[in-house]
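Student: I have a new model open on my screen. Can you walk me through it, piece by piece?

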Amino acid sequence: MLLVVLPGLLAGRAGRLAGQGGEAVSAAVAKFVRSQRLPKPQTPRLLLAVRDERVEIFSVSYGEPQDCMVGCFYSWLSGLRFAGKIGWMDCDRSDHSRFDHPITCFDVDSTDRYLFTADLLARLDHLEEPGSYWLAHSAFRPMLVRDPDTPVAVLERFAREIYTVAPDQFMERLLFENRRVQRSAAILTLLASPPDSLARFYGGARAQAAQLLCDELGDSLARDTTTPASTLLLIAEMLHRPYLRQALVRLLLANPRARHDLAILTHLATVGVLEDRYEYLRAQARPLLLAELDGPGREDLAAILAPRSYAIITGTLDRLVFDREVQRNRKAMTVIANLPGSWFTYEAYKKLYELGWRRQ
């Protein structure tokens, strides 16, 4: 039967016919492929060579032709040669299910500087090859993310990337499995703050990243006066869980950035709202919140409470509405009265009316 190449690559294991035209791979790569004992390997195909940097990226199709009723395709592997090292990119050291013997995965080292450069990523992203997107995003980048020696700066770049392309839960999962990501406040803050347009795809990632920030890094980040307010806000949001760490609340209340951030103070002023034993914590935050509301140009509480943070603290606004200090604060009551309709907005409007103020 005549073998016909599919117009693109099928997910994961499938590839185009290899070894037809183009430049030949190096003798070192050819020797490596023979040593891997792949079943019925075809001629290795060179996909990208950067001679000055001693980089060679190649693919090998192997095994029996599959699904030949609609055009045959083969299983394949993509490999990397860099300096004196050679290995497969699209394999995991814990996954040998494809073969009855071990295969050699490429081992990234922190000194492999060219592998981390924007130049190599750009070359891969602009390859004029069928399946080049798969090669760049499902082989090369995941190889770097899986490896514990990949620098944090590179991992942060990939965390930013997942919000600039189509939703990529595969890369998201790999990032969370990396220990350096789990210890990086900057990367976790990125993963916990997807754009609103993508929030429905990354809800699980947002919750997981915020939990790691709060539970694993929260104390040290809250103590650090240089921690960005965006990170402190994510930690403050997590305080609304049933399990409340009072020590973390105290640390946030002592952090200068948190003490002057309206969004963070809104959370701290309503923390543990269903339990009276936390009133002493809320009492410390409320004067700070009211001082910020009374400050010049601070009209942004509505934006803070809606839409994302608003969903978290809707159930706590009742205490603010009926708090006497808040009731005497015209700006606070006006902002609450203008939030999307709910019973507490009605209560705020009623209080404004009773005090002779008008809803704006």
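**A walk through the model**

Tutor: Start with R37, which is found in the loop between α1 (27–35) and β2 (45–50). Helices here are DSSP runs of H or I with at least four residues, strands are runs of E with at least two, and both are numbered from the N terminus.

Student: Before we go on, what kind of model is this?

Tutor: This is a predicted model, where local features need pLDDT of at least 70, side-chain atom pairs count only at pLDDT 80 or more, and totals for chains, interfaces and linings use all residues. Residues are numbered from 1 along each chain as its sequence is written, and side-chain values use heavy atoms, with hydrogens and water left out.

Student: Back to R37. Is R37 buried or exposed?

Tutor: R37 is exposed, at a relative accessible area of 55%. Buried means under 20% relative accessible area, exposed means over 50%, and partly exposed is in between (1.4 Å probe, protein chains only).

Student: What is the phi of R37?

Tutor: Near 50°, which is a positive value in a residue other than glycine. K40 has a phi near 50° too, again positive and again not in a glycine. K40 sits in the loop between α1 and β2. It counts as exposed, with 53% relative accessibility.

Student: Zoom out. How many helices and strands are in the protein?

Tutor: The protein has 20 helices and five strands. It has 360 residues, and 50% of them count as buried. Take contacts between residues at least 6 apart in sequence: 60% of these join residues at least 24 apart. Contact means heavy atoms within 4.5 Å.

Student: How many disulfides does the structure hold?

Tutor: One. It joins C91 to C105, with S to S at 2.2 Å. The cut-off for a disulfide is a pair of cysteine sulfur atoms within 2.5 Å.

Student: What does the C91 and C105 pair tie together?

Tutor: Both cysteines lie in the loop between β5 (85–88) and α2 (118–125), so the pair ties together parts that are 14 residues apart in sequence. C91 and C105 are both buried.

Student: Helix packing next. How do the axes of α3 and α5 cross?

Tutor: The axes of α3 (residues 132–146) and α5 (residues 169–177) come within 9 Å and cross at roughly 15°. That makes the two helices roughly parallel. The axes are lines fitted to C-alpha atoms, for helices over the stretch in contact, and angles run from 0 to 180 degrees between N-to-C directions. Under 35 degrees is roughly parallel, over 145 roughly antiparallel, 65 to 115 roughly perpendicular, and the rest oblique.

Student: Which residues in α3 and α5 meet?

Tutor: H137, R141, P142, V145 and R146 in α3 meet F170, M171, L174 and L175 in α5. By class, the residues of this contact are six nonpolar, one polar and two charged. Ala, Val, Leu, Ile, Met, Phe, Trp, Tyr, Cys and Pro count as nonpolar, Asp, Glu, Lys and Arg as charged, and the others, Gly among them, as polar.

Student: Which residues of α5 are buried?

Tutor: M171, E172, L174, L175 and F176. Their cover includes α3, α4 (152–161), α6 (179–182), α7 (185–191) and α8 (203–215).

Student: And α3 with α4: how do those axes cross?

Tutor: They come within 10 Å and cross at roughly 130°. The two helices are therefore oblique to each other. R141, L144 and V145 in α3 meet V154, L155, F158 and E161 in α4. That contact has five nonpolar, no polar and two charged residues.

Student: Where does D149 lie?

Tutor: In the loop between α3 and α4. D149 counts as partly exposed, at 29% relative accessibility. Leaving out residues up to four places away in sequence, D149 touches V108, D109, S110 and R180.

Student: Last one. Where is R245, and what does R245 touch?

Tutor: R245 is in the loop between α10 (229–238) and α11 (246–254). R245 touches C214, D215, D219 and L239, again not counting residues up to four places away in sequence. At 17% relative accessibility, R245 counts as buried. C214 counts as buried too, at 1%.

Student: How many residues of α10 are buried?

Tutor: Eight of the ten, so α10 is largely enclosed by the rest of the structure.
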